[in-house]
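Okay, thanks for coming, everyone.

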Amino acid sequence: MHTRPNILFIMSDDHAAHAISAYGSKINNTPNIDRLANEGIRLDSTFCTNALCTPSRATILTGQYSHINGVKTLDDEIDSSRPIQSQKLLQASGYKTAIIGKWHLGNNEESNPQGFDYWNVLPGQGDYFDPKFYEMGEEKQYPGYVTDIITEKATDWLDSTDRDDPFCLMVHHKAPHSPWIAAPRHMNLGVEGEFPEPETLMDDYETRSEAVKMTSIRVEDTSARNLKLDPPEGMSKDDKRRWAYQRYITDYTRTIQAIDDSVGTLLAYLDENGLAENTLVIYTSDQGMFLGDHGWHDKRFMYEQSLQMPFLARLPGEIDAGSVSDAMLLNIDFAPTFYDYAGIDCPDEVQGTSGRQILAGTTPDGWRTSMYYRYWMSMLGHRVVPNYGVRNERYKLIHYYGVLPEDTGLHDLKIPAEWELYDLQIDPQEIKNVYGNPTYSAVQSEMLQELDRLQSAASDASRH
Ligand code: CA
């Protein structure tokens, strides 16, 4: 029997923390995901370093920022030959490794998964019903609902592994990514029209940047494909936003419920097979999501709802049941955390740090109190311009640097360079930009310096 813990890493796509009841959701109930909070730890300050699907996935595997691992936007593919990837190091150290579900890092010889004893992944975004998969490179199509299929393939793989070696199984759900299509058994969940509205649903963007005002991620801009219905005729602008919010959240919360079922199935599997005691179980999402916050859907911006990743972890005997931590854990820290549990020396190229002690209830001396963020994709994606910033425990500084990448063909567009500064203690909803406000001049210069320091520390030399 091995002594190193198994790792069951469950990651969904676009599942915001505030749509998990353990995080205080007002819109849904997730009893199985909540089990991990009750039996383990809930982290309240887990942040992504680039709030977008493909880049966050590459960062999670490599422990590196986007500009180092080369996957900055949705259009980039991972170079799978790169040696520093968590599954490769785990495999080399004796772990059995598998990934089932969403890969979304490319689908060709160069970007197909490597370092997995077994892989069975969706092409690109994949489909909700009767999805195609690539099982070890071979195209397959399975009847049914994608979340359930991923869960079934995960337990099938666990059945097929012997127990002599530890395993690392990555279960990467497609849900609840748009177009938010629920399993048939959840189609009547929740009452459309009665979901509580977030405080900032009707945000007027006063004091905010042009970058915020120009974006097309407002809920009323959501595509008809995603909303599945046209708005009733003659609606006012405000009513249309409210209608679109209800339409979105109804489908989004319904889609989450099969994920919750999946977590329940996987935890029951561990219980029934004597694996619960020696398996680190993590639940997270590739980034957060605006759930009508600021009137938006989607992510990309550095505001809290998009920046925060849910992160719940259970490992009996090491992680205290029902514990909570505010320590800042970033997605660059996930791979080094795995290495720590597996007794693997963390390579120098990794930019993150193991969070194992945090999960065990102790924040190490000198642990970070600020973090660097950068979103690289051009405004082609939902008209969200590139931006970077720094967040510490109280303040957040964001810079929309006003230059679009040359390869977009849009780099001649006049996009203003703008700054925003938020005092999260006084203004947790981030609706009052205080950049340039004399009251905050000392804070502002400290945050500008901190941005410089973190940008250098992350070896991000290009300021635009
Ligand atoms: Ca995502």
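**A strand and a calcium site**

In β8, the partner that bridges to Phe9 is Met170. Before I go on: this is a predicted model, where local features need pLDDT of at least 70 and side-chain atom pairs count only at pLDDT 80 or more, while totals for chains, interfaces and linings use all residues. Residues are numbered from 1 along each chain as its sequence is written, and side-chain values use heavy atoms, with hydrogens and water left out.

So, strands: those are DSSP runs of E, at least two residues, numbered from the N terminus, and two of them pair if DSSP finds at least two bridges between them. β1 covers residues 6-12. It runs parallel to β8, residues 167-172, with five bridges. It also runs parallel to β9, residues 279-285, with seven bridges, and there Ile7 sits opposite Leu280.

In a regular strand, side chains alternate between the two faces of the sheet. Here Asn6, Leu8, Ile10 and Ser12 point one way, and Ile7, Phe9 and Met11 the other. Buried or exposed? All of them are buried, meaning under 20% relative accessible area with a 1.4 Å probe, protein chains only.

Now the calcium ion. Its donors, N, O or S atoms within 3.2 Å for Ca, come from Asp13, Asp14, Cys53, Asp286 and Gln287, at 2.2 to 2.6 Å. Water is not among the atoms, so the site may look incomplete. Both Asp286 and Gln287 are buried. The six donor atoms subtend angles of 52 to 166°, which makes the arrangement irregular; octahedral would need opposite donors over 155 degrees apart and all others between 65 and 115.

Conventions
Buried < 20%, exposed > 50% of the residue type's maximum accessible area, 1.4 Å probe, protein only. Helix = DSSP H or I, 4+ residues; strand = E, 2+ residues; numbered from the N terminus. Donors = N, O, S within 2.8 Å, 3.2 Å for Na, K, Ca; no water. Tetrahedral: all angles 85-135°; square planar, octahedral: opposite > 155°, others 65-115°.
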